[in-house]
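Hi,

Here is the structure I promised to pass on. Have a look at it first, then read my notes below.

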Amino acid sequence: MAFSDRVIGGSFLAVSIFVFGYYTFWALISPFFPTDSFIQNLFPAREWAVRLPALILVLGLSVIGAFIFNVLRRQAIVKREKELQKSA
C-alpha cells in the first residue's frame with residue numbers, strides 16, 4: 001500500500017508541477033513573444049488565462065459549499081432524531 005501511495009503522490013506532484021509551469025509560461029511569459037511566433041500556437045487564447053482559473057474557482061467553491069450544506073443538513077437530521085427519541 002505504501003508504494004502505491006508514493007506512486008500516486010509522485011504522479012500528482014509531477015502533474016501539478018507541469019500545470020504550474022505551463023500556466024506560468026502561458027500567462028506571464030508568452031505575452032512577450034510576437035503574435036506570429038510558433039510559441040503562441042502552443043497555448044489557447046490569452047483571455048482563457050483568466051477565464052479558466054475563475055471557472056475552476058467558482059466550481060471549487062460550489063463543490064465546497066455543497067459539501068458543507070450536506071454535512072450541516074445531516075447533522076440537523078441526526079440532532080432532530082435524537083430529540084424525537086428523547087421526547088418519546
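An unreviewed UniProt entry marks residues 7-29 and 49-72 as "transmembrane region"; such annotations may be inferred rather than shown by experiment, and the positions follow the numbering used here, with feature names shortened. Bear in mind that this is a predicted model, where local features need pLDDT of at least 70, side-chain atom pairs count only at pLDDT 80 or more, and totals for chains, interfaces and linings use all residues. Residues are numbered from 1 along each chain as its sequence is written, and side-chain values use heavy atoms, leaving out hydrogens and water.

Residues 7-29 are 100% helix and 0% strand, with the end C-alpha atoms 32 Å apart. Residues 49-72 are also 100% helix and 0% strand, and there the end C-alpha atoms are 35 Å apart. (Helices are DSSP runs of H or I, at least four residues; strands are runs of E, at least two.)

Now the domains. The assignment, automatic or from a database, gives domain 1 (1-43) and domain 2 (46-87). Their C-alpha centres lie 30 Å apart. Seven residues from domain 1 and five residues from domain 2 make the contact (heavy atoms within 4.5 Å).

Together the two domains bury about 450 Å², 61% of it on carbon and sulfur atoms (accessible area, 1.4 Å probe, lost on being put together, summed over both). Tyr23, Trp26 and Pro31 supply 78% of what domain 1 buries against domain 2.

Cheers
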